[in-house]
Amino acid sequence: MTEARHESKSKLLDAALHVIRAKGYTATRVEDICETAGLTKGSFFHHFKSKEDLALEAAAYWESNTSSLFEAAEYHNHPTALERILAYVDFRKALIRGDLPEFTCLVGTMVQEIYDTEPAIREACRKSICGHAATLEEDIAEAMRDSAIQGNWTAESLALHTQTVIQGAFILAKAKGSPEIAVQSLDHLRRYIELLFSTSEANSAHKPSPAKERICAPHAQP
C-alpha cells in the first residue's frame, strides 16, 4: 500500500512539473494535475493539503531531479575550470530542445508569478535557483585564480549571472514561441565568459570589493 501511495504521489509531481511549465502556476488547477496524472482529486488531497503545498513539494522534487542530472553531466570532467564553465553553458544549450514546457524551468516559471503573493513558494524557488548557481562558484573561483583576475566582481555574482541569462532566455523563448532565441542567448553567454576570462590584465586593474553578505541570501519573511 505504501508503494502504491508513493507511486501516485510521484505521478502527481511529474504532472505538476509538466502542467505548471505549460500553463503557469496561477492558471494550473488541481483538476489539471489530476487529469494529467490519471488520478482522482481524492488521491491528490491524500498527498497534498492544497495547491500551494503541491507547489512547495514540486519545487523540491524539481531541485532533486535536476541536481542529479547536473551532477552526472560530463562537463565536470574537463581538465581546467574555465573549460568546465564553458562546457556547462554548452550543456545547458543542449538541453534546449523539444516543446517549451520540456526545457523551461519550473521554479523560474512559478516565481515570476508569485514572488509578491506566495512568500513560501518564492523562498523555495530562490533556494532552487541559487542552490544551482552555487554549484558553479568553485569552478569560477578557480578560473579567476588561473587567470589572475582580481576584479570588482565575485564568483557568486557571475554564477548568478549565468542563471539570469538562462532564465531570461526561457522568458524570451516563451514570448517568441520558439527555442531559437534561447539558443542564441546561451551562445552570447558563452562568448561573454570567454571574453571575461581573456581580459585578466584589465580586470586585475580593479581591486576586489570588500567581502559582502551573499547576494542570494533569503529575504526576511514578513
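Predicted model: local features only at pLDDT ≥ 70, side-chain atom pairs only at ≥ 80, totals over all residues.
Me: What is the phi of Ala 148?
Reply: Good one to check in your viewer. Ala 148 is a residue other than glycine, yet its phi is positive. The value is near 55 degrees.

Me: How many helices and how many strands does the protein have?
Reply: From the N terminus on, the elements run α-α-α-α-α-α-α-α-α-α-α-α. The count that goes with this order is 12 helices and 0 strands.

Me: Among contacts between residues at least 6 apart in sequence, what share joins residues at least 24 apart?
Reply: A contact here means heavy atoms within 4.5 Å. Taking the contacts between residues at least 6 apart, the share that joins residues at least 24 apart is 70%.

Me: How do α5 and α11 run relative to each other, roughly parallel or roughly antiparallel?
Reply: Two packed helices are described by the angle between their axes and the distance between the axes. For α5 (residues 81–94) and α11 (residues 180–198), the axes come within 9 Å and cross at roughly 175 degrees. Angles over 145 degrees count as roughly antiparallel. The two helices, α5 and α11, are therefore roughly antiparallel.

Me: Which elements are included in what covers the buried residues of α5?
Reply: Start with the helix itself: its 14 residues reach 20 Å from first C-alpha to last, close to the 20 Å expected. Its buried residues are Ala 81, Arg 84, Ile 85, Leu 86, Ala 87, Tyr 88, Val 89 and Arg 92. What covers them includes α4, α8, α9, α10 and α11.

Me: What are the end C-alpha atoms of α8 apart, and which span should its residues have?
Reply: In α8, the buried residues include Ile 121, Arg 122, Ala 124 and Cys 125. Their cover includes α4, α5, α7, α9 and α10. At 1.5 Å a residue, the 16 residues of α8 should span 22 Å, and the distance between the end C-alpha atoms agrees at 22 Å.

Me: Which residues does Cys 125 touch, not counting those up to four places away in sequence?
Reply: Cys 125 lies in helix α8. At 1% relative accessibility, this cysteine counts as buried. Glu 63 is 62 residues from Cys 125 in sequence, with 9.1 Å between their C-alpha atoms. The residues that Cys 125 touches are Val 107, Met 110 and Val 111.

Me: With which residues is Ala 15 in contact, leaving aside neighbours within four places in sequence?
Reply: Ala 15 is found in helix α1 (residues 2–23), and at 3% relative accessibility it counts as buried. The contacts of Ala 15 are Ile 33, Thr 36 and Ala 37.

Me: What distance separates the C-alpha atoms of Thr 80 and Glu 142?
Reply: Thr 80 is found in the loop between α4 and α5. At 34% relative accessibility, Thr 80 counts as partly exposed. Thr 80 and Glu 142 are 62 residues apart along the chain, and their C-alpha atoms are separated by 8.7 Å.

Definitions and conventions
Residues numbered from 1 in each chain as written. Heavy atoms only, no water. Axes fitted to C-alpha atoms, helices over the stretch in contact; angles between N-to-C directions. Helix = DSSP H or I, 4+ residues; strand = E, 2+ residues; numbered from the N terminus. Parallel < 35°, antiparallel > 145°, perpendicular 65-115°, else oblique. Expected span 1.5 Å × (residues − 1). Buried < 20%, exposed > 50% of the residue type's maximum accessible area, 1.4 Å probe, protein only.
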